[in-house]
Amino acid sequence: MELTRAKAKDKAEPKKRKLSESKKDMLSGYLYVAPFFIIFGIIGLYPAIFSIYLAFQKWSGFGEMEYVGMQNFTLVLQDPLFWKSLYNTLIIGVMGTAPQLLVGIILAYFLNLAVIRFTNFFRVTIFMPYITSMVAVALVFGVFFSNNESALANYVIGWFGVDPINWKTSEWGAKIAISLMVFWRWVGYNTIIYLAGLQSIPKDLYEAAKIDGANGVQQFFHITIPLLKPFIVLTVFMSTVGALQLFAEPTVFLGGSAFNRDEAMTVVMYLYRDAFNLNSFGTASATAILLLIIIVVIASINTWLTSGSKRRKKVRAKNVKG
């Protein structure tokens with residue numbers, strides 16, 4: 001009887017299944033990566049989704065929200081200040097980004113040459129502006145581009161017979177000063193990326209080119225630039241996105257009056273002004289979505305141009321073979 005009861009008890013109680021080693025490894029892997037996805041969901045994904053929802057609401061940050069549909073987008077697109085901020089963003093972006101990419105390639109090329117001594121010192125020196133505090137950068141450039149006649153910038157342009165400029169209040173003076181600040185801060189970052197790309201190019205190609213009689217300029221345009229193209233595309237994409245999100249440099253340079261004038265107001269500054277100065281979080285969210293669309297469009301154009309150049313090369317190659 002007892003034996004029969006024991007067998008019946010064993011059948012009634014289900015046996016606990018142990019996890020296999022593969023499932024344990026999979027579970028431990030999920031636990032390791034879970035903190036990243038949890039943090040990303042809290043401070044990344046949720047704010048983005050809430051911003052999209054907020055773009056269709058009227059909300060001052062307190063009280064209940066009021067659904068207004070596309071009204072926020074209409075208000076932003078009909079505001080001349082938005083288009084002025086977009087114009088400023090594009091102008092400052094081009095003035096500050098294009099020169100730094102060209103100068104970065106040239107600096108990286110010379111730093112990669114074996115004949116130059118103390119290359120490590122120069123690499124660290126060029127990269128220093130990128131890790132310098134924005135407050136220190138603003139103080140230095142605030143002295144350089146002061147409105148006083150004795151400021152360094154006014155003193156330099158005085159050599160060429162140009163009258164002193166009020167850099168922080170004039171239309172193009174503020175744009176030029178901020179563009180130079182962006183150039184000075186980011187040229188070293190792009191130089192290091194280009195330098196890493198140059199060091200990945202095999203030296204045998206340059207030696208073969210020398211044997212064929214190619215000079216330094218020909219090697220630069222026919223070997224260096226083509227093989228450096230993936231790094232150029234990367235820096236152009238990153239610089240474009242960074243230029244469209246410009247905020248810190250003009251805000252710190254212009255100080256407290258940055259949001260009261262439109263000489264150098266960027267799209268992100270316009271967004272910040274709506275949200276935290278005017279307490280209009282709905283239009284600020286609508287501006288953020290419009291900025292996202294602009295960034296996606298420009299990034300898509302860059303990708304299309306890159307793929308288009310590849311297609312043109314393939315067509316040319318087929319024509320040559322034919």
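Me: Which helices do the buried residues of α10 pack against?

Reply: You're looking at a predicted model: local features need pLDDT of at least 70, side-chain atom pairs count only at pLDDT 80 or more, and totals for chains, interfaces and linings use all residues. Numbering runs from 1 along each chain as its sequence is written, and side-chain values use heavy atoms, leaving out hydrogens and water. Through contacts (heavy atoms within 4.5 Å), they pack against α4 (80-111), α8 and α9 (203-211).

Me: Okay, what arc do those buried residues cover around the axis of α10?

Reply: The residues in question are Gln 219, Phe 220, Ile 223 and Thr 224. They sit on the same side of α10, because the arc they cover (taken from the directions from the helix axis to the C-beta atoms) is only 125°.

Me: And which exposed residues are on the face of α10 turned away from that side?

Reply: Helix α10 covers residues 216-227. Its face turned away from the buried side carries Val 217, Phe 221 and His 222.

Me: Which residue caps the N-terminal end of α10?

Reply: Look for a side-chain oxygen 3.3 Å from the backbone nitrogen of Val 217. That's a polar contact (N or O atoms within 3.5 Å, one able to donate a hydrogen and the other to accept it; residues adjacent in sequence count only if both atoms are side-chain atoms). The capping residue is Asn 215.

Me: Is Lys 175 buried or exposed?

Reply: Lys 175 lies in helix α8 (residues 171-199). Leaving aside neighbours within four places in sequence, its contacts include Lys 84, Tyr 87 and Glu 263. Because its relative accessibility is 0%, Lys 175 counts as buried.

Me: How far is a polar atom of the Lys 175 side chain from the backbone oxygen of Glu 263?

Reply: Glu 263 is one of the residues in contact with Lys 175. From that backbone oxygen to the polar side-chain atom, the distance is 2.7 Å.

Me: How far apart in space are Val 76 and Ala 286, C-alpha to C-alpha?

Reply: Val 76 is in helix α3 (residues 71-77), and it counts as buried because its relative accessibility is 1%. Ala 286 is among its contacts, along with Phe 82 and Tyr 270. Although 210 residues separate Val 76 and Ala 286 in sequence, their C-alpha distance is 7.5 Å.

Me: How many helices and strands does the chain have?

Reply: Both are DSSP runs, numbered from the N terminus: helices are H or I with at least four residues, strands E with at least two. The chain comes to 14 helices and 2 strands.

Conventions:
Buried means under 20% relative accessible area, exposed over 50%, partly exposed in between (1.4 Å probe, protein chains only). The expected span of a helix is 1.5 Å times one less than its number of residues.
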